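Please follow this tour with the structure open in a viewer. Each stop names what to select next and then describes what is found there.

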Amino acid sequence: MVVHASLPYDEEVFLWTPEDGYGFYEIGDIVENERQARAVSFDPQTLRVSTHRVTNYITNPTKRIYRVSLESGREVLVTKDHNLFTLDEQGGVTRLPSEDTEGTRVMVPGTLPSSPSEETELDLVELFEGDKEIIAYAADGGLEAAELDDSVPPGSHQHYESRNAAPLSCVSSANAPANTEVAFKQSDARLPRHLEITPEFGWLLGFYIAEGSARRKQIQVGNKNEAYLDRVAEWFESYDTSIYRQERDNGLERLTICSALWSKIFRRLAGAGSEKNIPDRAWNWPEPVLEALLDGLMDGDGCRREARDTLYTANESLANRTMYLAARLGLHSSAYSRERETYIEPSDVHNESTEWAVDTASDPHKRGQYVPTPCALLQRYRNEADMTMSEAADAMGYSSKSSISNVENGEYGSVKRDTLRRFRDSYADAGVDTTRLDQILRDDIRFEEVVDVEETDRVEPTYDLEVQPNGKTVENFLGGRGGVFLSNTAGLCDPGYEGQITLELSNLGTAPVALTPEMRISQLTFTELKNPAERPYGAERGSKYQGQEGPQASRIQSDDEFGGDQLER
């Protein structure tokens, strides 16, 4: 979903940072600390989804927060009257006020880009850096006792020196040798510093998130499918890990992996208990690993059907990240929740909880299959093909020209993607340049219906990110539950602007509003830049408002993404 957005402090955004790669961050933290980052954004001209540099960090005044909900279960908290993005009749990107969008279809991500910093190995020294419980060993030297700090008792120095070892609280990942091995303190079981991140490891992590639990020195997984438990056991036995297997009367088998080190690895990556989740760093792993991770989730706590797979979880955050994972893999997803009550007979206890269900599918029947009808664009293509409606209907295999006229006249607010493909293929065969239709039909962007815009009881400061690398009109980033494109366009005068400012007023309500002399109707906020603008507003950029005098009408229609002929500079 694309909206002109100011977000509350704790709303999550999905960004790439040089330090950690992809991950989820509270927007308030990103803005207040001005963290260098790249946003996942769509290009309004091409509708391609990729990453673009965040160019500014904005703190806005206190405002009331509204909740915007889509049919798929996607949801975002934003301030009122911000825009959602859809397509106009020409297939161009256009904006609608959020309160007017119920029943319309707006943009959501169909896919997410791979990480610019792909991770193929898990560095255990980096993962546990600073941890006193993990001991590093280097057979060829490099961990001399002289590096031990005051946290290590003097009586233990000789012990570590004789073994060429040191606690990771005294070892940095930058200085540790590549052939370092690690072990849990007082244990002889060691692992190499670097573990290959394979699809099998991805499946195992997903299965643990869905079905596992971890204590300080062991991992447990339970399932009635013996083949799944064999697969888990085979993985850990390849590292000479002790395993205990127990079968219960109800057919449930439970594996206990007796390893403090493996327990610590899985807890550090995915957590423990009911809060287990897909780790942030997983978004930087290769696609086959992520496919296997999703399979592990489904095998552990899901239901597989012919048309879709469904994950069940009481963890709302896991439901959210599973939707992001589906988008990363090019799958459609939707989520819904329901209240459940369970009764534990021996203890006579009733528990109430919220259960989330996340559906994923490669080709769902309806969801994500409709596009706002670009009726004028289709009519223009037919004219360029020099076809009558009857000829176009024959070329597309329709029995009547009404099938063409209904679409061209906008009888339907949306049209199936398959229908658009029939139009595109027929007009392309006739020699028409159908580039814009090709862009709309790519999998990068999908469209979903807005089902609700509701006021919350939250009134608080809000935050925004600017995404205008080199002045390029990108102006959106990804956040919210399930993956929501958020627009950062605002009424700003770029550095270097000279001229008179036009204030545009619109009454979106049903009652008239009287304006009186000296009534306060607007405000100007000034932001001081720390450095000179790299590309100041002006003639070199082809800036269309520079030097204007008096009130001026909007000239946005001259921009490339709205079908204009302004050159990009």
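Rings of Phe, Tyr and Trp (for Trp, its six-membered ring) are taken as a pair if their centres lie within 6.5 Å. The model on display is predicted.

**First stop: a cluster of rings**

Select Phe201, Tyr208, Trp235, Phe236, Tyr239, Trp262, Phe266 and Trp285; ring pairs link these residues into a cluster. Within this selection, turn to tryptophan 235 and tyrosine 239, whose rings form a tilted pair with 5.4 Å from centre to centre and 55° between the planes. Are these two residues buried or exposed? Tryptophan 235 has a relative accessible area of 11% and is buried, whereas tyrosine 239, at 29%, is partly exposed.

**Second stop: a pair across the sequence**

In the whole structure, a search finds 23 aromatic pairs. One of them joins phenylalanine 14 and tyrosine 324: the pair is tilted, at 5.3 Å centre to centre and with 45° between the planes. Phenylalanine 14 belongs to strand β3 (residues 12–17) and tyrosine 324 to helix α8 (residues 316–328), so this pair ties together parts that lie 310 residues apart in sequence. Select each residue in turn. Phenylalanine 14 has a relative accessible area of 2%, and it counts as buried because this value is under 20%. Tyrosine 324 is likewise buried, at 1% relative accessibility.

Next, display the open sheet in which four strands follow the order β14-β13-β15-β16, with antiparallel pairing. Which strands form the edges? They are β14 (165–167) and β16 (190–192), each of which pairs on one side only. From one strand to the next, the twist averages 30°.

Now select strand β13 (residues 134–137), which pairs with β14 in the antiparallel sense over three bridges. Alanine 136 stands opposite alanine 166 in β14.

**Last stop: charges over rings**

What lies over the face of tyrosine 137? Select arginine 190, which is placed there at 3.6 Å from the ring centre. For another such arrangement, select arginine 231 and tryptophan 203: the charged end of arginine 231 sits over the ring of tryptophan 203, 3.9 Å from its centre.

Note on methods. Residues numbered from 1 in each chain as written. Predicted model: local features only at pLDDT ≥ 70, side-chain atom pairs only at ≥ 80, totals over all residues. Heavy atoms only, no water. Pairing = 2+ DSSP bridges. Helix = DSSP H or I, 4+ residues; strand = E, 2+ residues; numbered from the N terminus. Axes fitted to C-alpha atoms, helices over the stretch in contact; angles between N-to-C directions. Phe/Tyr/Trp six-rings, centres within 6.5 Å; stacked < 30°, edge-to-face > 60°. Buried < 20%, exposed > 50% of the residue type's maximum accessible area, 1.4 Å probe, protein only. Lys NZ or Arg CZ within 6 Å of the ring centre and 35° of its normal.
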